[in-house]
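Dear colleague,

Please find the structure below, handed over for your records.

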Amino acid sequence: MKKRLNIWLLAALVGASGIAALAEAPQRADGQDYIVAASVESFRKTIPDPWLMNHIHYNFGEINDTFDGLDIQNPARFQQIVDLKKINPDLKISISVGGKKRQGYSEMAADSLKRLAFARDVKEKLDYYGIDGIELDWEWPGFEGLGHTASEDDTQNYVKLVRDLRQELGPDKLVTFYSSNLAKFVDYPGMMQYVDYAMVGAYNLGMPPKRHQSLLYPSSRFDDWCIARSIQLHLDAGVPPEKIVLGIPFFARCKWNGYTYVERASFDRYLPGFTEIWDEEGQVPYYADADGTPIATFDNPRSILNKCQWLRDQGFSGVHYWNYDADDSVHTLARTLHDALIPQQQAPAKSDSVAGIALKRRSLREGGPGVVKGSFEKVKGR
């Protein structure tokens, strides 16, 4: 029997008691720690605090020009991230293979020799760096657009790709993939026999004023397209709940002064003077203009805690977030996730200085990484 979510009942339960229930030290049903996976970008300068998460996904690796190997953006930066394992040996690091255009997947996956060469090159790099896995960011197999090349065979070739990766990497390395909110374009039963987790988007659901980008439950204030419905689509498609990792945005989707994407670190500069409004039905905050029309949608500690309780209740395996550097200067959202899901992970006293390193932040300029003007279709958080 497929698991179904009673989203109205869950909304009432979480709204009434979700935050209080998080007082208990959490652990998954299988006895493993929950996943808190931070996306870290190759062009940034900040060194993350390795005790605030237990997984890092380095964005991005790319398929090479001959479609038979893996290139890593900014190798010097990548080595800095890998070196964090010397501070926290339990930290798991994966290379996220994608990039804005995500070109190369269709060509590589269609050719058995290129597929095998790619899988072997991934293994060689994981072994060389001593890291833990790969995340595949091929969001729309078979769909041509937004820079994607495509083939009608992409969906089944994707299964062959994860099969080959699993055979080359063995059972102990992580093989995960980013799954779009619609749960389309992917043969989920075929994929799930080889992968560890599906990293479900759970943000970029749409733009204000009609949609909240990370609405948890249906709401009369917004369109009913929400995370609970997206997750139900994944369950119906054959993704086991224990293989679901839920996405959390550290940015706002907005329509204000021409901006469509503003990181939390830049709220005071680009979204000044607004007061958070809480949507009780959807369990999310937003900003509205003087007429009450939503202009920016995002998550805050309250909504994140509710989502953490919800994923624990549903038997999901954790969260991934985009991205570490989008948080404010004291890492409010990252600390919220840490305290809710992995409070047992603490830095030894001798490593307390690591947190200070993590606060050396790069200033964000207009038009830089923290703010985007332009259409929603052209610029996505991932």
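This is a predicted model, in which local features need pLDDT of at least 70 and side-chain atom pairs count only at pLDDT 80 or more, while totals for chains, interfaces and linings use all residues. Residues are numbered from 1 along each chain as its sequence is written, and side-chain values use heavy atoms, with hydrogens and water left out.

The structure contains 17 salt bridges (a side-chain nitrogen of Lys or Arg within 4 Å of a carboxyl oxygen of Asp or Glu). Accessibility is described as buried (under 20% relative accessible area), exposed (over 50%) or partly exposed (in between), with a 1.4 Å probe and protein chains only.

Among the pairs is Asp-83 with Lys-86, whose closest N and O atoms are 3.6 Å apart. Lys-86 counts as exposed because its relative accessibility is 68%, whereas Asp-83, at 28%, counts as partly exposed.

Arg-302 and Glu-280 form another salt bridge, with 3.6 Å between the closest N and O atoms. Arg-302 lies in helix α9 (residues 301–314) and Glu-280 in the loop between β11 (277–279) and β12 (284–288), so this pair ties together parts 22 residues apart in sequence. Helices (H or I, at least four residues) and strands (E, at least two) are DSSP runs, numbered from the N terminus. Arg-302 is partly exposed at 37% relative accessibility, and Glu-280 is partly exposed at 44%.

Salt bridges that share partners also join Glu-41, Arg-44 and Glu-263 into one network. Within it, Glu-41 pairs with Arg-44, the closest N and O atoms being 2.8 Å apart; both of these residues are buried.

With kind regards
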